[in-house]
Amino acid sequence: MRRRGAIAALLAAPLLLGQAKPVLVPDVSQREVEIAYSFTGAELLLFGAILYPGGRLPQGEAPTDVVVVVKGPTESILVREKEKVAGIWVNAERLRYRSAPSFYALASSRPIARLVDERTRAIYELGVDSLQLSPASSAPADVQGRFQDGLVDLRRRAGLYHEAPHAVEITDGVLYRARVSIPARVPVGRFTAETFLIRDGHVLAAAVRDIDIRKSGFERFVARAADRHAILYGLVAVALSVLLGWAAGWIARRI
Amino acid sequence: MDLYLPIANLSVNALVIVLLGGGVGLLSGMLGVGGGFLTTPLLIIYGIPPTVAAASAASQVTGASVSGVFAHWRRGGVDAKMGGVLVAGGILGSLAGAQLFRLLQSVGQIDLVIGVVYVVMLGWIGSVMARESIGVIAVARGRRAAPAARRRHHPFFASLPFRTRFYKSGLYISPLAPLLIGFGIGILTILLGVGGGFILVPAMVYLLGMATSAVVGTSLFQTLFVTAIATMVHATTTKAVDIVLAGLLLLGSVAGAQVGARLGTKVRPEYLRLGLSIVVLLLAVRILLGLVWRPEAIFTVELA
């Protein structure tokens, strides 16, 4: 929540300075995503309007860009690195991270590196290379860098970390929209959709919306049963396998 | 046809999983192995998290062995006394295995140990079985003279006390022998996440010298109980049993096991053993390559 506080402070900063800056009015197509048996992922439409002071488009200024970031719930993870020892690949070094996002997708109207400098990217966590992963164990900077690259590469290949430059469309400088697809293998929980308005390398405005992803119906029932009534669930699983096996034998004898 | 798995937290093609179960079930009915040693790695390759794969494969093996046990029981191919002793040993072994598993997991070398144990066990069993079955086939075809009668069972097992009669197995040995074997299988079941049939079958043939007619049925009998226990252990500790995944695998494997059991009676046992030894050796080579070749992912992530 520290970050959201920082965003709020930054939102308020222009107001405190007494300057009239544009305001973002963002929204998300779905505030809740329900996972049912046919769930193969979800596509979120993030859209909204940029309100300029006085309701007029500024003339002759640098173009305004929009960046949308969707983040999944953070997890505490342990990353291990394999090394070749005596001809066999074994786990050697490891690094623990307290809060790595389980999902991270960034959509922008132009490549993020062209919009803001490295420092701003780090502050707002804009881009998979600028994630603040906070390793729990102290390790030399080069080792940390290697592990972070390894983790990002692994999750990028799994479709969990994703960057899409040019994915945000801005219509007439006022309306913007972007599609972000969420793969089926994300964990359930509270996702956040952050929208940033950027001009001249500065973040002018930011806004956050929450999205809840949760299991519904049968899927929720099964997940809950496995968690809360473990013994009963195990017995049902064993009974199911014995019953199906026996039924198949019974049928096979009659054919 | 995509279906979401509520515990694995991802969606899979249901047809692929059913077919996978079917193929493994066919082998299991024919050869008397549970097939967990094939299902678990295949599910992991498909992208299912390893713990969920191992836990759900265990219940699939239970189902596949049930129909096999019934089929063999009617044929008189199950030695319940022998099976009971093996199961008792298996329960003790899985308790010991769970401790070992936890220890290795905390050191982070569980994957390595699993890989090395697989290669050693499979390589050894596969080559012993292949050599023996090829010898028998050569004799049957008249290309080679029958070897001199071999010892019925391994001298170590013959020396154990409290001998008793196992009628269907055609044995008069100490119950400590199958108890020890069951104990070893129990450890492997937890460690490798498999039923252990692929080790138990050769152990019964070559270490105990059991009558071949009772080997497959009794092995399935033991597998049935040990995997049911493993499912319960996973359901209560790792909570990784995905009942939807298990159901899909079961649909395929129980049908496959029936077909397999019928095919198994039509083929001579030495050819079955040769077939199993080839599968086992191929798998050993595959796992060895996995250890030696540079892995695709140098980094691995686990929740902590």
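How many bridges join strand β5 of chain A to β5(B)? The legends below take this up, starting with the model itself.

The model is predicted: local features need pLDDT of at least 70, side-chain atom pairs count only at pLDDT 80 or more, and totals for chains, interfaces and linings use all residues. Residues are numbered from 1 along each chain as its sequence is written, and chains are lettered from A and ligands numbered from 1 in the order in which they are written.

**View 1. Strand β5 of chain A meets β5(B).** The answer is 5 bridges, and the two strands run antiparallel. Strands here are DSSP E runs of at least two residues, helices are H or I runs of at least four, and both are numbered from the N terminus. Two strands pair if DSSP finds at least two bridges between them. In chain A the strand covers residues 74–85. A:R80 has B:T300 as its bridge partner. A:E81 stands opposite B:F299.

View 2. Angles run from 0 to 180 degrees between N-to-C directions, with axes as lines fitted to C-alpha atoms, for helices over the stretch in contact.

**View 3. Chain B touches chain A.** Here 47 residues of chain B are in contact with 48 residues of chain A. Contact means C-beta atoms, placed from the backbone, within 7 Å. Elements giving two or more residues to this side of chain B include β1 (2–5), β2 (10–13), α9 (212–236) and β5 (299–303). α3(B) gives the most, with 9 residues. The side divides into 29 nonpolar, 14 polar and 4 charged residues. Ala, Val, Leu, Ile, Met, Phe, Trp, Tyr, Cys and Pro count as nonpolar, Asp, Glu, Lys and Arg as charged, and the others, Gly among them, as polar.

**View 4. Helix α3(B) is mostly covered.** It has 25 residues and reaches 36 Å from first C-alpha to last, close to the 36 Å expected at 1.5 Å a residue. The expected span is 1.5 Å times one less than the number of residues. Of its 25 residues, 21 are buried. Buried means 20 or more other C-beta atoms within 10 Å of the residue's own, with C-beta atoms placed from the backbone. Just after the helix, B:G76 takes a positive phi of about 75°.

**View 5. Chain A holds an open sheet of 6 strands.** The order is β2-β12-β11-β4-β7-β8, and the pairing is mixed. β2 (32–35) and β8 (161–165) of chain A are the edges, each with a single partner strand, so one side of each is left without a neighbour in the sheet. The twist averages 15° from one strand to the next.

**View 6. β11 and β12 of chain A pair in the antiparallel sense.** Their 11 bridges link residues 189–199 with residues 202–215. In β12(A), the bridge partner of A:E194 is A:V208.

Terms used: Contact = placed C-beta atoms within 7 Å. Buried ≥ 20, exposed ≤ 12 C-beta atoms within 10 Å, placed from the backbone.
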